[in-house]
Amino acid sequence: MENSHLTSTNPPSAPQATTSSLLPERGVVVGPILSASDIALWNDLISAAGNIVITCHRGPDGDALGSTLALCSWLRRHKPGSTVHVVAPNIFPDFLRWMPGATDILIYDKHEADVRPVVDAADLIIMCDHGELSRMWTLGDAVRSHECPRIMLDHHLDPEQGIAALTISHPELSSTCEVLLRVLLQLGSGLTHDEAVCIYTGMMTDTGAFTYASTRPEIYQLISLLLACGIDKDKIYRNVFFTYSPARMRFMGYMLYAKLDIMKKSHVAILTLTNAERRRLGILNGDTEGIVNMPLQIMGIKLSVFLREDTEQPCIRVSLRSVDDFPCNTMAADYFSGGGHKNAAGGEIWGTMDEAVALVRKAVQKYLPLLKGQE
Ligand code: 5GP
Ligand code: MN
């Protein structure tokens with residue numbers, strides 16, 4: 001049901017392409033991101049599809065869920081009679097369960113026997129918030145081996161080539177939700193309230209509530225459009241960030257008090273978490289979200305590293321966060337088989353926690369000139 005339209009000029013069932021500035025009637029000027037041929041291809045792919053599967057990366061975050069759920073709702077409205085499913089590689093954090101449509105998401109690794117046929121029946125797969133099939137783990141294998149056209153909607157650097165018929169990849173944008181919003185606006189489409197909620201959630205979570213990756217003025221033009229759809233941005237903030245369990249609050253206290261290793265001369269902080277500690281503290285997967293940002297609040301810290309034992313694989317997950325120009329993505333690619341953005345990246349280390357810490361220290365030594373050079 002259509003609650004609130006960003007524009008009243010085009011009926012939702014017949015999205016019309018435009019490559020001019022968007023919504024001048026609201027005084028909003030947001031440049032186009034799709035070429036005319038992109039739009040034609042998008043329309044062709046969508047109209048030819050009867051079974052659409054939308055995927056996201058493993059360890060879904062607010063942007064992954066926001067973009068997949070908003071797109072799912074939009075497609076269901078625009079393609080009545082078709083089936084559209086969101087398939088996530090694994091479980092998403094509890095603090096995102098309130099998101100409209102989240103409980104309908106199919107979880108691949110938990111229910112592979114049931115969900116694999118859904119993937120195999122797809123005649124279009126839309127991959128959101130990841131530029132590489134490998135970021136979906138086993139779901140990525142299923143998608144790779146299934147022959148059907150794919151669309152990539154993403155904002156990560158260096159998208160994998162040759163895996164999508166249409167690649168809409170914009171690393172300069174804050175989030176995949178922003179990419180999606182701009183695509184929908186360019187198609188002249190309206191948004192429901194719930195779609196606006198999902199999109200705002202992804203933009204907010206991928207920018208740390210607009211504290212990083214959010215300096216382009218257009219972002220705030222887009223937010224004003226979402227607010228006009230009736231979203232309650234303060235409630236969304238509380239839904240995402242004010243949902244700690246007592247165990248999670250104590251976990252943060254424990255990590256900051258007992259586990260924070262500060263390499264003062266290098267301007268680096270390292271946090272580590274083992275699965276034994278997880279069990280002892282009674283924390284869930286999503287409870288570790290955000291802890292990596294906290295050491296950046298210490299004066300002088302330029303890089304924060306969070307190492308945690310994976311709960312499903314014998315490896316150590318790495319999260320990197322930085323301020324200013326320190327390139328987390330390069331360090332992640334050089335040392336941790338990963339990637340990401342300049343100020344937020346991740347990867348993995350196949351080894352013990354001690355080996356992981358040693359590797360981080362080695363990487364820090366290599367990057368010392370950059371870490372010291374930013375004083
Ligand atoms: P997080 O630290 O929240 O797990 O990840 C932060 C960002 O780093 C993600 O948004 C993603 O861009 C990137 N990232 C995390 N893990 C990986 C990985 O294993 N490979 C790549 N290429 N990027 C990753
Ligand atoms: Mn994202």
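The donor residues of the manganese ion (ligand 2) follow the sequence spacing D-x65-D-x25-H-x50-D. The model is predicted.

**Manganese site**

- Four residues coordinate the manganese ion (ligand 2): Asp63 (OD), Asp129 (OD), His155 (NE2) and Asp206 (OD). The distances run from 2.2 to 2.4 Å.
- Asp63 belongs to helix α2 (residues 62-78), while Asp206 sits in the loop between α6 (193-205) and α7 (217-228). The pair therefore ties together parts that are 143 residues apart in sequence.
- Asp63 and Asp206 are both buried.

**Helix α4**

- Helix α4 spans residues 138-145, and its residues Leu139, Gly140, Ala142 and Val143 are buried.
- Viewed down the axis of α4, the buried residues fall within an arc of 160 degrees, so they line one face of the helix.
- What covers these residues? The cover includes strands β1 (51-55), β2 (83-88), β4 (124-128) and β5 (150-154), together with helix α3 (112-120).

**Cysteines**

- A disulfide is a covalent bond between the sulfur atoms of two cysteines. The count here is zero disulfides, with a cut-off of 2.5 Å between the sulfur atoms.
- Cys198 counts as buried, because its relative accessibility is 2%.
- Cys328 is in no disulfide either. Its nearest cysteine sulfur, that of Cys315, is 19 Å away.
- Cys328 is buried, with a relative accessible area of 0%.

- Seven bridges join β9 (residues 303-309) to β10 (residues 316-322) in the antiparallel sense. Across this pairing, Val305 stands opposite Leu320 in β10.

**Thr272 in strand β8**

- Thr272 lies in strand β8.
- Is Thr272 buried or exposed? Thr272 counts as buried, because its relative accessibility is 13%, and the cut-off for buried is under 20%.
- Leaving aside residues up to four places away in sequence, Thr272 touches Met255, Lys259, Glu277, Leu307, Met353 and Val357.

**Strand β12**

- In a regular strand the side chains alternate between the two faces of the sheet.
- Both faces of β12 are covered. Ala344, Gly346 and Glu348 are buried on one side, and Ala345, Gly347 and Ile349 are buried on the other.
- In β12, six of its six residues are buried.
- β12 pairs with β10 in the antiparallel sense over six bridges. The bridge partner of Val318 is Gly347 in β12.
- β12 also runs antiparallel to β11, joined by two bridges. Here Gly339 has Gly346 in β12 as its bridge partner.
- β11 and β12 form a hairpin, with three residues between them.

Definitions and conventions
Residues numbered from 1 in each chain as written. Chains lettered and ligands numbered in written order. Predicted model: local features only at pLDDT ≥ 70, side-chain atom pairs only at ≥ 80, totals over all residues. Heavy atoms only, no water. Donors = N, O, S within 2.8 Å, 3.2 Å for Na, K, Ca; no water. Helix = DSSP H or I, 4+ residues; strand = E, 2+ residues; numbered from the N terminus. Buried < 20%, exposed > 50% of the residue type's maximum accessible area, 1.4 Å probe, protein only. Arc of directions from axis to C-beta. Contact = heavy atoms within 4.5 Å. Pairing = 2+ DSSP bridges.
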